[in-house]
Amino acid sequence: MNPFSIKRILRAPGKQIVSLLVCTFLAVTSCYLFSYRVEQARSLAEAYESAGVLCVVTDITGTQSDHLRMGYGAVSAVTDRTFYRLPDYVKEPRMTKELLFNESVPIIAVSCPACADELDPTRGGGVTLFREDFFDSDEMICLVSEEAYLSLADGIVSGGVRDPCADQRFVETVTEQVELVPAGYFKGVGEKIFIPFETGMQLCNTISDGGRVDSLSFLAKDNTKLDELKDVASDVFGTVDPYAETGTRSFALTVHDENLKTTVAAIESNIRRTNWLIPITLALAITAGLLLGFIATRNESNTYALMRSVGMTKRKLFFAALLEQLLLPLVACAVMGAVFRAPLGALAVFLLYALGCTAAVLRAVSVSPTKLLREQE
Amino acid sequence: MEILKADNVSFSYINRFQRVDAVKNVSCAFETGKAYAIVGKSGSGKTTLLSMLGGLENPTEGEVLFKETPLRTLDRDAYRRDSAAVIYQSLNLFPLLTAVENVMYPLKLKGVPAAEAKKRAEDALRSVGISETQFKRLPSRLSGGEQQRVAIARAIASNAELILADEPTGNLDITNGDQVVSILLRLAHEENRCVIIVTHDLEIAAEADEILMMKDGMMEREE
């Protein structure tokens, strides 16, 4: 090391201050861009992770998502892994089947709380369950409103159940007398009765010609694989066609990924912009190192020749000169890296600045000590 | 005692147009305790000869021998650091270091501890007549004569056996020039060093123990 490097820097701070300021600016820019890129990548992951992309089965015209009267096969397509690939992309399937209780009260079979506003806390509802396995059960249990629950005399809901769809399809239907045991209640008032989806399906098998699902929706399991989901779903469901004949007995799947797409597109645009700004910043760092190194060492050739003539080796001179050029940039990059908590950005700027500077210093220290003799000869 | 010898050395280089023989077949020997003057006109090859003697250049032919060892085989950086000090006509000092730091510089390169280096530097500066008030001055605040004396002090402090001075009085007035020459002679005669002065000033050359005349790259000796 040059014995008096620090003193030399302190006594001629002008050039070093320029390199300090330039490196500070570049390090700040680079640190910002690096941390911004990391933050955007995290936001992208979070967007994919947290966005609930709802996939809703509708009629083929896309206008109706309830009272669809789908065959149980449609349910299997979403839930049965043995025969279908779609269940691998499905999270939280929401299926409902509406029946009639005592000819006037709706009795709805639901597969999860998200199937009905009354049960879903995110939509203002709420349910108190006496049995945690309510939605997975196939027993004769039910949920009624809190008001109805409190007014039940014998603690049993009993009456006749029939399938209203059967009327529309001119098929024979029977009314089944049931006794439902309340397994909880939902907030508020109302006559509606909710039963487990499987219980509803069993009732349908008894009272009409088979299970008919009124609505079917689900959340995408992995938002990064929505295209795959759409591809796999196309094996089972059609594409919405507003001009299709209304009598067509086929269904379409609508994937509500518009918000996710907008968010992802914005984030990806930011990442793309950052991806080309980072190389520009780093290219500026190497250019600045070369230029400032050249300017700083341009008038030092006599000093370097004198150092060589008093016995400093070429190697020592190179490192001494380089150290003098890089000391303050190193401080600037280290401080900025610590302040912005982006050491990679600061390190990249420093290394490339050092690379540029090295080229300039190599050129400057290649001076021969004979230069001093030749100059005065 | 013979310390340095040029044995039939030549130095040639190729400039843009032709091959230039700057020094041709020069042989000479130098002893400790003596001052030598190499004189000659501009372009006679005296500075090139000095650069070879100082280990700044290797001869293209022949050998420079330091204590009978060819310089070519020695570590020339160590030779310049430990044994040979070169004093230039100008540009002798590091502009951003004080007088005392300039003298300490080669000592620090040798690894001499800071306190000892400082003491040796101050002693050397005193011995060439630099006052203590000037120790901490940057070269820009010293006169030309003082700068040359600081350069000589650097050679003294580093205990170099060989002192090679290239036109050391070239930029000085007569008074300062005389002072510098008398210091160099004192180093040869009282401190038993070998001092080689390149000059075109015959009055200065006359004060040396031996004069070596250079003409067209060749040497003519004069006692």
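Residues are numbered from 1 along each chain as its sequence is written, while chains are lettered from A and ligands numbered from 1 in the order in which they are written. Because the model is predicted, local features need pLDDT of at least 70 and side-chain atom pairs count only at pLDDT 80 or more, whereas totals for chains, interfaces and linings use all residues.

**View 1. Chain A and its two assigned domains.** An assignment that is automatic or comes from a database gives chain A domain 1 (5-44 + 264-376) and domain 2 (54-256). Taken over C-alpha atoms, the centres of these two domains are 67 Å apart. The C-alpha atoms of chain A fill a box of roughly 120 × 45 × 30 Å along the principal axes. Chain A has a radius of gyration of 37 Å, while a compact globule of 377 residues would have one near 21 Å. That radius is taken over C-alpha atoms, and the globule rule is 2.2 Å times the number of residues to the power 0.38. You can look for 12 helices and 12 strands here; helices (H or I, at least four residues) and strands (E, at least two) are DSSP runs, numbered from the N terminus.

**View 2. A:Leu330 in its helix.** A:Leu330 sits in helix H10 (residues 314-339) of chain A. Is this residue buried or partly exposed? With 17 other C-beta atoms within 10 Å, A:Leu330 is partly exposed. A residue is buried if 20 or more other C-beta atoms lie within 10 Å of its own, exposed if 12 or fewer, and partly exposed in between, with C-beta atoms placed from the backbone. A:Thr263 is 67 residues from A:Leu330 in sequence, and their C-alpha atoms are 39 Å apart.

**View 3. Chain B as a whole.** Chain B has 223 residues and a radius of gyration of 17 Å, which agrees with the value near 17 Å for a compact globule. Its C-alpha trace spans about 50 × 40 × 40 Å along the principal axes. Seven helices and 10 strands form the secondary structure of chain B, and 49% of its residues are buried.

**View 4. Helix H4 of chain B and its buried face.** H4(B) covers residues 114-127, and its 14 residues reach 20 Å from the first C-alpha to the last, close to the 20 Å expected at 1.5 Å a residue. That expected span is 1.5 Å times one less than the number of residues. Which residues of H4(B) are buried? They are B:Ala117, B:Ala121, B:Ala124 and B:Leu125. Seen down the helix axis, these buried residues fall within an arc of 100 degrees, so they line one face of H4(B); the arc is that of the directions from the axis to the C-beta atoms. An α-helix has 3.6 residues a turn, so residues three or four places apart point the same way. Cover for the buried residues of H4(B) includes H3 and helix H5 (144-157) of chain B. On the other side of H4(B), B:Ala115 and B:Glu116 are exposed. After H4(B) comes B:Gly129, with a positive phi near 85 degrees.

**View 5. Where chain B meets chain A.** Here 24 residues of chain B are in contact (C-beta atoms, placed from the backbone, within 7 Å) with 21 residues of chain A. Helices H1 (46-53), H2 (76-82) and H3 (99-110) of chain B each supply at least two residues of the side that touches chain A. H3(B) gives the most, with five residues.

Terms used. Contact = placed C-beta atoms within 7 Å.
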